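I opened a new page for this protein.

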Amino acid sequence: MQIRQGLSQRERRVVLAHEIVHCERGDDGIACSRWHLQKQERAVHLAAARRLLPIEEIVAVQCEPEPAQALWVDEYTLALRMRHLDPRERAMLAEGDDGDWRIA
């Protein structure tokens with residue numbers, strides 16, 4: 001595996017977590033269709049986002065002006081994680097909410 005040059009530290013962190021999930025799953029990069037490959041990529045990226053962004057850390061930075069930066073991830077990864085919070089995580093976030101946080 002190689003990480004493309006020119007990525008920020010946050011982007012490299014996300015890419016590495018993403019590729020680790022692929023390795024753990026035993027993905028070989030082959031899919032029967034483009035749709036299946038896109039579905040696989042979304043699932044892997046969500047697994048990486050969950051690993052990188054425990055709910056406790058999200059709650060801790062919800063008042064930060066740039067939460068993705070504070071969490072050392074890109075905005076897409078944080079938005080994906082926020083879209084897939086489970087009910088328990090949503091409740092935890094609401095408990096710490098000061099009214100400024102929006103779930104994507």
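I started with E75, which counts as partly exposed at 47% relative accessibility. My classes are buried for under 20% relative accessible area, exposed for over 50%, and partly exposed in between, with a 1.4 Å probe and protein chains only.

Ground rules next. This is a predicted model, in which local features need pLDDT of at least 70 and side-chain atom pairs count only at pLDDT 80 or more, while totals for chains, interfaces and linings use all residues. I number residues from 1 along each chain as its sequence is written, and side-chain values use heavy atoms, with hydrogens and water left out.

**Entry: salt bridges**

I searched the whole structure and got four salt bridges. The criterion is a side-chain nitrogen of Lys or Arg within 4 Å of a carboxyl oxygen of Asp or Glu. Side chains of opposite charge can pair when their charged atoms come close.

I went back to E75 and found its side chain in a salt bridge with R10, at 3.8 Å from N to O. This pair links distant parts of the chain: E75 is in helix α5 (residues 75-83), R10 is in helix α1, and they are 65 residues apart. I take helices as DSSP runs of H or I with at least four residues, and strands as runs of E with at least two, numbered from the N terminus.

I then looked up R81. R81 forms a salt bridge with E89, with the closest N and O atoms 2.7 Å apart.

Another of the bridges joins D27 and R25, at 3.1 Å from N to O. D27 counts as partly exposed, since its relative accessibility is 25%. R25 is also partly exposed, at 43%.

**Entry: H22**

I moved to H22, which I found in helix α1 (residues 9-25). H22 is buried, as its relative accessible area is 10%. What does H22 touch beyond its neighbours within four places in sequence? I listed D27, Q40, E41 and V44, taking contact to mean heavy atoms within 4.5 Å. D27 is the residue that I had already logged in a salt bridge with R25.

I also logged a polar contact between the side chains of H22 and H18, at 3.1 Å. The term covers a pair of N or O atoms within 3.5 Å; within protein, one must be able to donate a hydrogen and the other to accept it, and residues adjacent in sequence count only if both atoms are side-chain atoms.

**Entry: G6**

I placed G6 in the segment before α1. G6 counts as exposed, because its relative accessibility is 79%. I checked G6 against E56, 50 residues apart along the chain, and their C-alpha atoms are separated by 30 Å.

**Entry: the whole protein**

I counted six helices and zero strands. The C-alpha trace spans about 45 × 30 × 20 Å along its principal axes. Of the 104 residues, 31% count as buried. I also checked contacts with a separation of 6 or more, and residues 24 or more positions apart account for 55% of them.
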